[in-house]
Amino acid sequence: MSQSTLPTYDADQLAGLLATLPGVDGVELKLTVPRADQRTVARNLGIDSIDARIRQVAFIDTLDLRASAAGVVVRARRTQNKPGDVTVKLRPMLPSDVPAGLREVPGFKIEVDASPVGYTCSCSVTAEVSDKKVKQLLAGERELADVLTETQRGLLNDRLPEDVAISDLRVLGPVHLLKAKFAPEGYPRSMVAEVWLLPGGGQILELSTKVPPQEAFYAAAETKVFLADRGVDLGAPQELKTKSALAALAQADAPKE
């Protein structure tokens, strides 16, 4: 697909997205950039790596990734000069399927992630945790249950497969990433660039911007035109950041024969 060709959703995808938008808190438009194009895209968009904040991210799952296969992702995160946090995310999760009372819980969010090839709606509960506790969790010095809120533990117990308990989950990672917020010239919104450095030398560059649900379609069209005009190949294969990171971490942590 050429750089000037703009991918579009089919009728079923559009119908599903239209039905989902009224019940979500926001939409995040995402695009991953192939490794070979990353330096050129960063230059064309004016991304300065010196402005990036260092983050450390780990996922908590079984080595065979049974939690993520069941639609639950547990993430622990450390951010330079900030408190840490732990997130439990359920996906897919439509607004109509959100458990009663969950929307009132602090740290709850339901959001659509949309890329040129499709979209996913998910809900999550994020809790701030001291950096010291997250560091201990990643080092194996603290149990996951000790840093989860009661709501997060309930979500995990309800969603995990019957043969997987919270105590069966283990830390995968961490990986390091650089996150930079920037304001591209000629674009009316701020963007975020994240570079994930994966085990084995893998590297993911994801560009994203968050918009209110009512602006999603206009913002998506505007963003596609802006990126295509700056040489970003919108037809390039898209890499699912969390899925790729989980696979790379599970392989790196697997017992060596």
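Tyr187 and Phe226 are both buried, where buried means under 20% relative accessible area, exposed over 50% and partly exposed in between (1.4 Å probe, protein chains only). Before going further, please note that this is a predicted model, in which local features need pLDDT of at least 70 and side-chain atom pairs count only at pLDDT 80 or more, while totals for chains, interfaces and linings use all residues. Residues are numbered from 1 along each chain as its sequence is written, and side-chain values use heavy atoms, with hydrogens and water left out. The tour below covers aromatic pairs, helices, a surface patch and salt bridges.

**Aromatic pairs**

- A search of the whole structure finds three aromatic pairs, a pair being rings of Phe, Tyr and Trp (its six-membered ring) with centres within 6.5 Å; planes under 30 degrees apart count as stacked, over 60 as edge-to-face and the rest as tilted.
- One of them is stacked, because the rings of Tyr9 and Tyr119 have centres 6.3 Å apart and planes at 25°.
- This pair links distant parts of the chain, with Tyr9 in the segment before H1 and Tyr119 in strand S6, 110 residues apart.
- Tyr9 is buried at a relative accessible area of 15%, whereas Tyr119 is partly exposed at 24%.
- The rings of Tyr187 and Phe226 sit with their centres 4.9 Å apart and their planes at 40°, so this pair is tilted.
- Tyr187 lies in the loop between S7 and strand S8 (191-197) and Phe226 in helix H6 (residues 216-229), so that pair also links distant parts of the chain, 39 residues apart.

**Helices**

- Helices (H or I, at least four residues) and strands (E, at least two) are DSSP runs, numbered from the N terminus.
- In helix H4 (residues 131-138), the buried residues are Val134, Gln136, Leu137 and Leu138.
- Those buried residues pack against several strands, including S2 (53-61), S3 (72-79) and S7 (170-182), with contact meaning heavy atoms within 4.5 Å.
- Gly140 follows H4 and has a positive phi, near 80°.
- Buried residues of H7 include Lys241, Thr242, Leu246 and Leu249.

**Surface patch**

- Leu14, Leu18 and Phe217 make a nonpolar surface patch of about 260 Å².
- Patches are made of residues with over 30% relative accessible area and no salt bridge, with like charges joined within 9 Å and nonpolar side chains (Val, Leu, Ile, Met, Phe, Trp, Tyr) within 5 Å.
- Accessible areas come from the Shrake-Rupley method with a 1.4 Å probe; for residues, only the protein chains shown count as cover.
- Leu14 is placed in helix H1 (residues 11-20) and is partly exposed, with a relative accessible area of 32%.

**Salt bridges**

- The structure holds nine salt bridges, each being a side-chain nitrogen of Lys or Arg within 4 Å of a carboxyl oxygen of Asp or Glu.
- Arg77 bridges to Asp85, with the closest N and O atoms 3.0 Å apart; Arg77 is buried at 15% relative accessible area, and Asp85 is buried at 11%.
- Arg66 and Asp64 meet through their side chains at 3.1 Å, N to O, and Arg66 is partly exposed at 31%.
- Lys109 pairs with Glu111, the closest N and O atoms being 3.9 Å apart; Lys109 counts as partly exposed at 33% relative accessibility, and Glu111 as buried at 10%.
- Salt bridges that share partners join Asp64, Arg66 and Asp163 into one network.
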